[in-house]
Amino acid sequence: METFWEAFKRHGVSRRDFMKFAVTITGMMGLAPTMVPKVVRAMESKPRVPVIWIHGLECTCCSESFIRSATPLASDVVLSMISLEYDDTLSAAAGDAVEEHRKKIMKDYWGNYILAVEGNPPLGEEGMYCIINGKPFVEHLKESAEGAKAIISWGSCASWGCVQAAKPNPTTAVPVHKVITDKPIIKVPGCPPIAEVMTGVIMYMVLFDRIPPLDSQGRPKMFYGNRIHDTCYRRAFFNAGQFVERFDDEAAKKGWCLYKVGCRGPTTYNQCGSMRWYNGLSYPIQSGHGCIGCAEDNFWDNGPFYERLTNIPVPKQESNADKVGAVAAAAAVGGAIVHGIATKIRNSGKKEE
Amino acid sequence: MKEYKRFYIFSPSLRIWHWINFLSIMVLFATGIYIGNPFFIGSQGVEAALVHGQSLTMGLIREVHFIAGYILLASFIFRMLIALIDGRDRLFIPKVWKSEFWSRLGETLQEYALVKDSSEGSLQIRNPLARTAYFLVYIAILFMIITGFGMYGMSDPSGFWASIFGWVVWSLGGEFPTHMWHHWVAWLIILFAIVHVYLVIREDFTKKTGEVSSMFNGYKFFKKEPADLKELK
Ligand code: HEM
Ligand code: SF4
Ligand code: SF4
């Protein structure tokens with residue numbers, strides 16, 4: 001395999017542009033400027049890494065996000081940084097031809113290729129809910145994982161389960177780490193993950209030939225080390241106690257904090273507040289909608305999305321902890337008074353010893 | 001009529017702890033409910049960046065919650081230490097391995113169900129039902145401390161508090177469920193407090209043991225020696 005620099009040269013990139021590129025991606029990977037020489041050296045010497053990208057039960061929003069990466073351009077990553085050998089959604093070839101190619105790449109680079117998984121395997125009915133090339137996806141996944149150096153779990157599907165695993169999970173969809181247990185897995189959750197986070201993770205892995213530092217949940221620390229709430233530009237309104245009450249009120253126009261209309265920013269780890277989307281153009285909160293917590297485990301079941309507190313199942317009624325609590329407290333006070341009177345009656349007529 | 005005798009029950013440390021605990025939980029509950037649902041807005045028409053110090057803000061209320069949280073943590077550690085040091089301060093342990101525990105539990109339940117009247121049954125400084133309830137409340141407080149400092153610390157996942165309590169966030173299924181658990185158990189503690197206050201006053205009225213004042217001066221009053229007094233010796 002050729003090195004990145006060689007690949008760049010082949011594409012007619014000047015040394016100057018190559019250096020600019022190295023500086024930019026160093027920043028995007030969350031590394032200090034002092035790391036630039038290391039990044040340049042790595043790009044000059046490291047061979048490009050073969051990547052096999054497979055698709056399970058999913059909506060393909062991760063791929064949609066990835067191809068919009070602006071820094072670096074997804075095309076740069078795919079054409080120069082990695083050698084994307086198999087991607088049944090993006091590749092022109094299809095059917096047996098690509099399957100044969102996948103097997104060949106696996107054999108040629110056994111132990112050296114990266115497996116990127118988008119979507120997840122449904123286990124119900126022996127995996128019949130998702131068929132790839134005539135076989136259940138779960139087998140496709142296990143087979144492809146066998147010779148991989150590491151696995152990237154793209155998005156909330158592969159990392160946590162996401163919508164298809166939400167209650168009642170009719171297809172028994174499970175995240176990748178429930179099926180593959182003997183390989184390092186990098187979770188890159190989000191529905192979808194931010195494009196630049198995806199390319200950032202890939203670049204880190206190919207440039208440094210190791211997996212990025214992960215937190216206790218297996219997510220790269222440099223991209224999932226902050227809550228949206230702690231980086232949100234509306235935080236000043238939160239601290240001041242200035243909240244949007246309805247999406248059509250004055251406060252919404254003024255751009256106040258979306259906490260009371262259900263924003264999950266306080267409990268969600270992602271880069272939306274700092275890197276933002278579309279090359280830093282905007283993110284959901286900036287466009288006036290609360291975060292729904294798409295990068296968190298089980299976020300579909302933590303609704304309603306437009307309320308701060310979850311519902312408590314009370315028959316025939318919408319209810320949350322504060323309503324139930326207040327009723328229970330009132331009942332306790334009432335009960336105490338009634339019980340007190342009853343005690344008085346029960347004990348009346350008794351003489352003291 | 002037999003005379004009441006005075007028995008020394010609660011140590012000064014325990015009494016001081018009790019009231020600090022009470023105050024911090026009241027502050028934590030009031031501020032916590034506001035954090036969960038900021039129902040009044042105190043700072044309309046003021047520049048967000050300048051509002052701090054001008055009126056009651058979310059920032060200030062959270063700060064008070066966290067300060068009270070630190071006090072609760074400190075007082076909880078203090079409470080555990082005095083229980084370790086002095087047998088007198090260990091009355092919250094339900095002695096489920098003893099047969100008296102179960103027979104007296106039955107007696108107390110019958111009394112509260114008004115099957116028996118309050119003069120029947122054996123005298124106790126602390127009945128098994130109360131012990132069980134207090135034990136559960138200590139666990140609930142510990143739960144609030146762990147979840148509270150877990151959420152508090154996760155603004156820096158590699159920092160000090162997260163390294164101690166961060167795990168709880170993941171064992172409860174993520175940070176959002178942790179907020180909800182913290183919220184639900186807050187209500188449970190308040191329900192306990194209501195029933196607790198009622199039963200203490202009831203005890204005082206029906207048995208004239210000086211139950212209410214005992215948490216101020218340390219003494220309870222009985223005509224005979226209560227059955228579990230030997231635990232204090
Ligand atoms: C008995 C004691 C406590 C009670 C009754 C209590 C009550 C509450 C309530 C009701 C909430 C709102 C939950 C939500 O809807 O998000 C809350 C939030 C919170 N509490 Fe507590 N709490 C207690 C102890 C603590 C302690 C010891 C700490 C540790 C510092 C703590 C830290 C927090 C934090 C960090 C939040 C979230 C604040 C935010 O999201 O802005 N709490 N508390
Ligand atoms: S909009 Fe959401 S993330 Fe931003 S400060 Fe408000 S609650 Fe936090
Ligand atoms: S703001 Fe929240 S819901 Fe929106 S993309 Fe970011 S993590 Fe997902």
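I count a polar contact as a pair of N or O atoms within 3.5 Å; within protein, one must be able to donate a hydrogen and the other to accept it, and residues adjacent in sequence count only if both atoms are side-chain atoms.

I am working on a predicted model, where local features need pLDDT of at least 70, side-chain atom pairs count only at pLDDT 80 or more, and totals for chains, interfaces and linings use all residues. Side-chain values use heavy atoms, with hydrogens and water left out.

**Polar contacts.** I looked up His183(B) and found one of its polar side-chain atoms 2.6 Å from an oxygen atom of ligand 1. Arg62(B) likewise places a polar side-chain atom 2.6 Å from a ligand oxygen.

**Shell.** I took as near any residue with a heavy atom within 4 Å of the ligand. That gave me 25 residues around ligand 1, with Arg308(A) and His182(B) among the closest. Chains A and B both contribute residues, so the site is shared between chains.

Next I checked the metal, taking as donors N, O and S atoms within 2.8 Å (3.2 Å for Na, K and Ca); water is not among the atoms, so sites may look incomplete. The iron atom of ligand 1 is coordinated by NE2 of His65(B) and NE2 of His182(B), at 2.1 Å. His65(B) belongs to helix H2 and His182(B) to helix H6 of chain B, 117 residues apart; I use helix for a DSSP run of H or I with at least four residues, numbered from the N terminus.

Methods. Residues numbered from 1 in each chain as written. Chains lettered and ligands numbered in written order. Helix = DSSP H or I, 4+ residues; strand = E, 2+ residues; numbered from the N terminus.
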